[in-house]
Amino acid sequence: RAREGGGATELEVRTSQAARDQAGAAVELADAVLMSARLDLEYCQVKAPISGRLSANLPDPGTLVGAGEPTVLATVIDDSEILVRYFVDEQQLLATRRAWQNRRPGEDGRPLLVVGMQLAGEEGFPHVGEFDRSDNTLDPATGTLGADARFANPGQAIIPGLFARLQIVLGEQERIVVPDTAVQRDTLGSFVLTVSPDRTVSRRDIKVGKVLERQRVVLDGLKGEE
C-alpha cells in the first residue's frame, strides 16, 4: 500500500528503518570495539606513580605476568633527593643533647643541623644537606643512634647505595689549629714544640680535638700568637 504524498510503500519504509537501525547498531558495536582496544592499549602501558630512575626490565618480553600473583616488572627510585644514614655514638649524642637543651633540631624554632657529605675521591665536604630525622632509641648492641640527613641531588649525580663520610656542623667556634703532623704524643699526652722570641724551642702540652682537613684542633694549651 502506497503512503500518502509519496511513492514508497509501507514495506519499503520499514525496510529502510530496519537498515537505519542496523547501521546504528553497527556504529555502537564499532564504538565498543574501539573502547575495548583503547583499554587493552592502556593496560599495556604501566605508569609509575613517581618520576625517577628506572631499573632494567626484569621479565623477558612475551612472558606472562600477573598470573596468580603480582609480578615485579621493574623498580623506580626517586633520587631527586638523597637520604644518608649515619650513626651517632652515645657520648656524642649526650653532648649534643646537652648543648641543645635536650631538644631535637628543628624544634622550638631551632635550626636544623647542617651536614656536609664527602664521597669517595672528593676533597672536603662539598655536598651540603641538613638533618632530617632520627630514631627514638639507641641500639643497645652498638650504643649508637641512627639518623638521616637529606641532600638535594641535582642531575642525579649521587647514586643510591654509595658510602659517604659526613661532617655534622653543631655550631661555629673560633679555635686554634695546627698541622696534625706537628702534634706529638708520649706517655704524658699530646704536645707541640714552640719557638720563643729568643729562638729557643720548648715543649708545650696541649689538649687536642678532631682533625679537619689535616689540621688538628687545639682545645687548650696554645694561644693564637704562638
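**Reading charge pairs, strands and overall shape**

Author: At 41% relative accessibility, R133 counts as partly exposed, because its value lies between the 20% and 50% cut-offs. Keep in mind that this is a predicted model.

Reader: Which residues form a salt bridge with R133?

Author: First the general idea: side chains of opposite charge can pair when their charged atoms come close. In this model R133 pairs with D132, the closest N and O atoms being 3.7 Å apart. R133 also forms a salt bridge with D148, where the closest N and O atoms are 3.0 Å apart.

Reader: Are D132 and D148 buried or exposed?

Author: D132 has a relative accessible area of 27%, so it is partly exposed. D148 has a relative accessible area of 8% and is therefore buried.

Reader: Which residues are linked with R133 in a network of salt bridges?

Author: The network takes in E81, R85, D132, R133, D135, D148 and R150. By the distance rule, the count of salt bridges comes to 11.

Reader: How do I read the two faces of strand β3?

Author: In a regular strand the side chains alternate between the two faces of the sheet. For strand β3 (residues 81-89), the covered face holds I82, V84, Y86 and V88. The uncovered face of β3 holds E81, L83, R85, F87 and D89. Two residues of that uncovered face, E81 and R85, also belong to the salt-bridge network.

Reader: Which strand is joined to β3, and by how many bridges?

Author: Strands of a sheet pair through backbone hydrogen bonds, either parallel or antiparallel. Here nine bridges join β3 to strand β6 (residues 144-152), and the two run antiparallel. As a point of reference along the pair, D89 stands opposite T144 in β6.

Reader: What is the strand order in the open sheet of three strands?

Author: The order is β9-β10-β11, with antiparallel pairing. The edge strands, β9 (184-186) and β11 (201-205), each pair on one side only. On average, neighbouring strands of this sheet are turned by 40 degrees against each other, direction ignored. Strand β10 (residues 189-195) pairs with β11 over five bridges in the antiparallel sense, and T194 stands opposite S202 in β11.

Reader: Which residue forms a salt bridge with R203?

Author: The partner of R203 is D186, with the closest N and O atoms 2.5 Å apart. This pair links distant parts of the chain: R203 lies in strand β11 and D186 in strand β9, 17 residues apart. R203 is partly exposed at a relative accessible area of 34%, and D186 is partly exposed at 35%.

Reader: What does the radius of gyration say about the chain?

Author: The chain has two helices and 13 strands. Its radius of gyration is 37 Å, well over the 17 Å that the globule rule gives for 226 residues, so the chain is more spread out than a compact globule. The C-alpha atoms fill a box of roughly 140 × 45 × 40 Å along the principal axes.

Reader: How much of the chain is buried, and what is its accessible surface?

Author: Buried residues make up 18% of the 226 residues. The accessible surface comes to about 17500 Å², with 54% of it belonging to carbon and sulfur atoms.

Technical notes. Residues numbered from 1 in each chain as written. Predicted model: local features only at pLDDT ≥ 70, side-chain atom pairs only at ≥ 80, totals over all residues. Heavy atoms only, no water. Pairing = 2+ DSSP bridges. Helix = DSSP H or I, 4+ residues; strand = E, 2+ residues; numbered from the N terminus. Axes fitted to C-alpha atoms, helices over the stretch in contact; angles between N-to-C directions. Rg over C-alpha atoms; globule rule 2.2 N^0.38 Å. Buried < 20%, exposed > 50% of the residue type's maximum accessible area, 1.4 Å probe, protein only. Areas by Shrake-Rupley, 256 points an atom, 1.4 Å probe, with all protein chains shown as cover. Salt bridge = Lys/Arg side-chain N within 4 Å of Asp/Glu carboxyl O.
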